Each structure stands twice: as C-alpha cells, then as structure tokens.
Amino acid sequence: MAAEDLPSEFDVVILGTGLAESVVAAAFSRVGQRVLHLDRRSYYAANWASFTFNALLTWIQQHHEGPQPEEVQDWSSLLEEGEELIYLSNSDSASISNLQVFCFTSEEDEEEETPNTTEEERGAADEDAVKETSESADLKEEESHQKPEETAARDGEQLTNKDTFDLLQASQNEGEEPNAHQPTPIAAPSQSEPTRKKISYAQLVKEGRRFNIDLVSKLMYSRGSLVDLLIKSNVSRYAEFKNVTRILTYRQGKVEQVPCSRADVFASRQLSVVEKRKLMRFLTSCAEETEEQRAYNGRPYLEFLTDQQLGENLQHFLLHSIAMVTEDTPTEEGLASTRHFLRCLGRYGNTPFLFPVYGLGEIPQCFCRMCAVFGGVYCLRHSVSGLLLERDSNRCKAVIDSRGQRINCSHFIVEEGFVGADRKRVATPPRFLSRAVLITDGSLLPSESEQQVSMVMVPPAAGGPVVRMVELCPSTMTCIPGTYLVHLTCQSVGSAYEDLSPVVTRMFRTPESHDQEKRPSVLWCLYFNMADGSGLEAEGHDLPANVYVCSGPDGALGHDHAVRQAEDIFQKILPEEDFCPPAPNPEDIIYDTENTSTGEDERQDREEDRQEDVREEDRQEDVREEDRQEDVRQEDRQE
C-alpha cells in the first residue's frame, strides 16, 4: 500500500515483521482489530528471514557498508497540548556483527577431484568481492518473497490448501517424491565417484534464486507450541513441511546416527543387545516422574545417567542428542527435555522435528498472510519515526511515520531493534549467538537416500560451546541439486569465526583441514554473530504503558520463546479474547451482504442443490447398473 493511502486510525500499530510480531499481528487481525503492520526493510521477517543466495550477498554488502546516516526530522509541529514526542532508533545494525565470508570453490566451471584455489574474503576485501560479484551478475535488490496482501489473493494458486496439518504432512513422508507442482530435485552425484563436476561460484550465483538461506537456524517440535499454533489457527495451510529424517551425533571423529525411536533402537548396529534393552528400559521409565528421579533434583543429569547403569555410549546419546543438554544440567531439566523429545516422537515421523519447505522465513510470512486476509494493512520500506506520548496518562496515543503522517492508535508493538539502548532493559552483559552457513557438495553421513534432513549435535571440545548443526538437502527447496545447506549455531564465546571454524575444519574438507578426504567439501561459507533474543527482559522498559517490545530469535532449538512473547502481549491487551482462533476454510465462508436470513437461505439452497446432485448421481448409477446387467444377459444368450 502506498504511504499516502494509509488510514489515520488503527487499533494496533506493529513495527517489525519478525516471528513474534507477525504472530501477534495475525492474532489481533483475526479477532477484528484494525492492524497496521510496518517494516522499514524491503523484506519480511527481519532476523528470521530467508534469502536467496543473491539476496544474501546484497544483505552482506549492506551490513559491510553500515547504516546510511539519516537526517532526524523535527516533527514537533505535529504535537498537541499535553503531548511529548519519543523518537525511535533509525538503525538496528547492532543485532548483526562480525560478518566473514569464505569461498573455497573456483570462479568458473571445471571438472576435478580436489578443491580449487582458495579465495578468502574478510572485512573490506569481502565487501569489494561481494560488490564485484553483484555487478558482474547484474544483480538487483529485490524482495525474496511476495507481500502477503499480494499472495493472499492468489491463495489457491500459490499456497498448499489442505484441510488438516496431518494431511499436509502425510504427503511429505520419507521416501516419497516431491509434490507435482514443485521442481523435482536431481539426485546429487555419489561421493564415491572418482571425478565429478565441481560446482563453481559462478554457478552458485547463476542459480542463486533456488537457494533459501535462513538467518536463524531452528526446527519445529512436532508437539511444540508453534506446531500447535499452526494447527489451531489453520495457518498450516499456507506452508508445507518435511520430516527431519535423522538425528546424528559427532563422536571420536565419526558422525553416527542416534537411535531414538523404537524402530531405530532395534535396527541400530552401534548398540549391543544389552545396550538396546537398557536404552528401551530407560526411555520407558522416563515417561513418568518417580520418587527416584526427584531424589536427583539439583544434581547433574550425567550423574543420574551413570547411576542408571548406562554405559558411555548410551550416556553420550541421551545427554547430547536426545535431551540435548550439557553434563552439568540439573537432572530435573534433563529429564524434562528427554520427556519432551519422547512425546514428539512418532507424530509425523521417526524424529520429533519438522522443517518448513523453502526455509524458516516462510513461517512469519504465513502469519502475515493470515493478518492480511482478515484486513491487516501492510507497508514495507516504511517506518515509525516517533511516538506521541500523552503526559497525563503515560500512554502512546499516536505515532508519527517516517513521512510525517500522524496515525492514531490504541496500542503500539515494536521490534527491539527500533528502541534505543537507553530505553530497553536487557541482560548484562548482552548475549549473542554465533552462526555459520555452509554450502557443501555432500552429506556428512551419506546414505542410500540423498534426501535426508539431519540434525547433528557436536559436544563441546576444549572448553568450547555445544554446537548444533542442521543439514538440509535439495528437497527442502533451500539449495540446488548437488549441494547441501548446513547451518551451525552456538552461544557466542568469541566471534562466530573463532567459535565455529574449528568445528567446520574438523568435520568438513577445507584448505585448513588435514586427512579429511572422505568429508564433504565446503564450497562457500558465511560466519556472523547475532543478538540473542532471550536477553531482552519482558518488563521494565522506559516506554509508555501501552507500548510492547518484541525480541529477535533466541538460541533455543524450538520457537517457544517467540510464541510465548506473542501470546503474552495479546493477553495483556485483550485478555477476554481467544488467541489465534482457527480461520474458516474457504468453502465454509458464507458471504452475507444484506442480512443473516439471506445467508441462511443461500446455504439452504446450496444444500438442496447438493442433495439433488446426489440423487441424480444415484439415478445415473442405477441406469449404468441396468445397462451392465443387460450386457451380461446378451453375452449369455450369445454363448
């Protein structure tokens, strides 16, 4: 929508299109609130976004260049008596830092066995290389996805429209072909082949639109709060999902598959018969809390596992890949994580996790789409400059947008990056996440199926952090055939490169690796640090009473933090309303243009027409049956 077309009255104005902001926008719009949803960026989802490879290069270039200085406009002339103006921050660049890019593949297409000359791009040199590549490929800055108000009108054409989340997921089971409307991925070359065509950097740029690279790496627990919300609200119809097919772990220099379901345990070749029985007995005993378990409260989970007579092999699997905790984690937390893992098993597959096709950036856009369907107004490349505060009530009564329009509202919700550091309350010292994104030429653990989606837990080494790794195959529509997209995440100790490059060097083939010929090669990688959203306090900000702050992604594997934020804000504003009630299916909508009786009459007419169609089908079936019997009699007479 053009800026000049914006109405001047809304119930809720939301600034920022991250996951929490998008969920709360959908929730308000669904219950009839007038919602204005703005973002100064040219793309949706903020730090939750998914980029094509070319768009990611542009994003990297923009961060190296830094924010463009903006002249602070003086909007004091718009103030009325008893009002005060609070200016918002015009830059959120502090949420991303320490970007470093490395390219380990050739510029042009070649056939060879080993990696080519290494090009290492850091700091200003990286900025120049990205800029040069963008110009040579004639790249243009464009949005990686359509706006929700545009796609909502073409729902049946672009989006999956299935009645239930279960039916939607059933079509994505392991071993099935992708949907007919999706391009069929070409099988990646086998890693056992002596020679193969090396994917070049030029090819990555040329086919860049086929990548969908997430800024944040998470998975969806099949019984987690986000999946429950997607089912409850019917937003699941706007997306497609795949099972995470394997849970892996890295141990003693080897990548191994973790047996977590009953079928995996009995099929595992890594465990002896005795270990299989012990593991199944332990997992069964974890289902209910017992007095024996409560006796270990406050003591390390590793101590509890040791006292259960579980060997080092089982302790490693349970600690790092099922509970996904550290050795010092209290037993009650470790058992709670184990139970949650087990509860999620078997709902949609042999692992507890789902991943959205086309990347995690689809999820915020799905909620934006729902908001737009119910009347929410969207405007990208548009922001709010300041808040108009009513001094007597300490409430925000209006906002001033970046073009000087005064927009009255009852409540204002803002992404934390738009709030100055002096006005928000955060953890001290601030917390950050270290992130790495790799494009590789093969899987960490090759198998017969080359369409595996894997999660790998890498235990801490030499005092370093635990590293979570997600490996995505081409059928997730996040990378091109012949490549894998690998995301690494950990809590920051130093820069992302310092935290994660040792893991990359140890598990993949790079110029710094030694004796890693059997490992997949890294073609291109990006390191960066991201602000940890869990460091933002829920209360205590120096803001008006009706202004609410949403944080960015946190370091957890699931999405509970963002969903909980959205629900808390909604309940504070509308405590009597249901949070994200289900949207009706299109065939259930009755369009009432005059009065209720008219709509009821139309419904009855449609029902009568349907029954008449059924009766007509029955009559035609009777005729066909009589014809069939006459044919049989005729054949008998001829014999």
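Which residues does Ala-20 touch, not counting residues up to four places away in sequence? Select Cys-550, Ala-562, Gln-565 and Ala-566: these are the residues that Ala-20 touches. Contact here means heavy atoms within 4.5 Å.

Before going on, note the ground rules. This is a predicted model, in which local features need pLDDT of at least 70, side-chain atom pairs count only at pLDDT 80 or more, and totals for chains, interfaces and linings use all residues. Residues are numbered from 1 along each chain as its sequence is written, and side-chain values use heavy atoms, with hydrogens and water left out.

**Stop 1: Ala-20 and its helix**

Stay on Ala-20. The residue lies in helix α1. Helices (H or I, at least four residues) and strands (E, at least two) are DSSP runs, numbered from the N terminus. Ala-20 has a relative accessible area of 0%, so it is buried. Buried means under 20% relative accessible area, exposed over 50%, and partly exposed in between (1.4 Å probe, protein chains only).

**Stop 2: the α1 and α17 pair**

Select residues 19-30 for α1 and residues 560-573 for α17. The two helices pack at an angle of about 40 degrees, with their axes 8 Å apart. Axes are lines fitted to C-alpha atoms, for helices over the stretch in contact, and angles run from 0 to 180 degrees between N-to-C directions. The pair α1 and α17 is therefore oblique. On this scale, angles under 35 degrees count as roughly parallel, over 145 as roughly antiparallel, 65 to 115 as roughly perpendicular and the rest as oblique. Show side chains next. From α1, Leu-19, Ala-20, Val-23, Val-24, Ala-27 and Phe-28 meet residues of α17, including Ile-569, Phe-570 and Ile-573.

**Stop 3: Asp-39**

Go to strand β2, residues 35-39, and pick Asp-39. Is Asp-39 buried or exposed? Its relative accessibility is 0%, so Asp-39 counts as buried.

**Stop 4: Ser-434**

Select strand β19, residues 432-440, which holds Ser-434. Ser-434 is buried, at 0% relative accessible area. Which side chains make polar contacts with the side chain of Ser-434? One is Asp-499, at 2.7 Å. Another is Asn-529, at 3.2 Å. Among the residues that Ser-434 touches are Leu-488, Thr-489, Cys-490 and Phe-528.

**Stop 5: two methionines**

Most residues other than glycine have a negative phi. Select Met-324, in the loop between α13 and α14. Its phi is near 55 degrees, a positive value. Then select Met-477, in the loop between β21 and β22. Phi of Met-477 is near 60 degrees, also positive. Met-477 is buried, with a relative accessible area of 9%.

**Last stop: the whole protein**

Zoom out. The protein has 18 helices and 24 strands. Of its 639 residues, 52% count as buried.

Definitions and conventions
Polar contact = N/O pair within 3.5 Å; in protein donor to acceptor, adjacent residues only side chain to side chain.
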